[in-house]
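Work through the exercises below with the model open. Each task is followed by its solution.

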Amino acid sequence: MKMTIINKVRETIRANKLIEEGDYIIVGASGGPDSQFLIYALMELRKEMDFTIILAHLNHLHRREADFDESLVEETAKKFALDFRKKAASMDEYAKKYGISSEDAGRRLRYDFFREIQKKYPKSKIAVAHNLDDQAETVLMRIIRGTGVEGLRSMDYRNGDIIRPILDIKKAKILDYLNSEQIPYAIDKTNFTTDYTRNKLRLDIIPEIEKINPNFKESLVKLSEIATDEISISDSYIKNIYEDIIIQRKTDSVSFDKEAFESHDKAIQKRLVRRAIGEIKQEVRDISKENIDNFLSLVDLANGKSIIKDDLIFLKSYKFYKMSLRKEDSQKKTGELTINIGEELSFGGKRIKISSVSDFQKKHGKNIEYFDRDKLTFPLSVRFRKNGDKFKPIGLGHRKKIKDFFIDMKVDKEKREKIPLILSENDIIWVTSFRSSEDYKIDPSTKNIIKIEVYDED
């Protein structure tokens, strides 16, 4: 019995290359049966492999038995002369503070703790004690909640630097091993109440289904493995399309070519949107099918429209779609500045300079414009647009709303708020980089000329 189950752990580690020579393995040690088994199994394997084990225990301050759990892990560390790290943090207070479930709070606190320890060990991995039962329960929970194919994938043996060496071992086998070897472990009494969905599945629903199919848990895991293979194939296909249609990517946004994105059917568009969210948020845990469908409804809306979901914005422009994280537009808080001839200032990421010129030889370019000095009142003002702003574009002959001007010029909605306007006595003389006003242009009677330059700051 002993060597059979240890051999299974050894095969899993080798087949999935979970541990290498010289690794530091930070074990999430709760004191429960799964983590205790993981520690003892790794100690057996350490006899033939060179790696270091560190035990990390987070006291959630959630149960009366928490101190006993902590002392049990500490005793285990002393028995094997292992490095032991511990920390106390209330999962209930964290859950209340951030408006999440206690279970999610506990998970976040644990992994934050593991990451803190990991900083001290360059070649380290985090080992967690998820077993086959956990895997099956996770898949079943997601099916009940209405998951898509993605949700069937569930947990992997390795996810980055997180490893799960006992993922294919049933809980019953683990308990048999611990009892036969007289290895102590803590009992979490909350696991035997049906207040939580997972416990109800474990205690009531799965046992009933196993009366029909004794291998039900294994069947769920196989379903997960099949889904993983299928998703890997489709992911490869989607990845190629995704990379082909991207025209810009930043840490907080991804932009697609509009025509290329719309050339694909809805199913592929959904996968592209989901992939974009994953790239900028690093996860899609809280993104539902309904969320994706809502984002995709943007395709049928007019250019310049956007759809917002929590911290995400999906924007439809004239030439592209853009998925980005929301952030306060600090430029709107810049206010209004004044500038005189011979001065230079910084505004909204631009350098603006005004100078007099004696010999007028107009240079062509969107960053330089010339005006009749005597038609202006100084100092000039610089600000962003406001609702109702109008000006008289050169060549038009009448005043026009800035909003309508931007629409005619096909200026993306998100860029309109970031274009500096130059004003004389509250009258717009130049929509920088686009068009100046008819009322202030140079004509044959002009005697004094000023030049205004607007450039991006380095």
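**Exercise 1.** Are Phe-314 and Tyr-321 buried or exposed?

Solution. Start with the ground rules. This is a predicted model, where local features need pLDDT of at least 70, side-chain atom pairs count only at pLDDT 80 or more, and totals for chains, interfaces and linings use all residues. Residues are numbered from 1 along each chain as its sequence is written, and side-chain values use heavy atoms, with hydrogens and water left out. Next, the cut-offs: buried means under 20% relative accessible area, exposed over 50%, and partly exposed in between (1.4 Å probe, protein chains only). By these limits, both Phe-314 and Tyr-321 are buried.

**Exercise 2.** Classify the ring pairs that involve Tyr-321.

Solution. Take the rule first. Rings of Phe, Tyr and Trp (its six-membered ring) pair if their centres lie within 6.5 Å; planes under 30 degrees apart are stacked, over 60 edge-to-face, and the rest tilted. The count is 16 aromatic pairs. Now take Phe-261 and Tyr-321: their ring centres are 4.9 Å apart and their planes stand at 50 degrees, so this pair is tilted. It joins distant parts of the chain, with Phe-261 in helix H11 (residues 258-262) and Tyr-321 in strand S11 (residues 320-325), 60 residues apart. Helices (H or I, at least four residues) and strands (E, at least two) are DSSP runs, numbered from the N terminus. Phe-261 is buried, as is Tyr-321. Then take Phe-314 and Tyr-321: the centres are 5.6 Å apart and the planes at 25 degrees, so this pair is stacked. Finally, widen the view. Tyr-242, Phe-256, Phe-261, Phe-295, Phe-314 and Tyr-321 form one aromatic cluster.

**Exercise 3.** Which residues does a cis peptide bond join?

Solution. The bond lies between Phe-378 and Pro-379, with omega about 0 degrees. Locate the proline: Pro-379 sits in the loop between strand S15 (368-372) and strand S16 (380-383).
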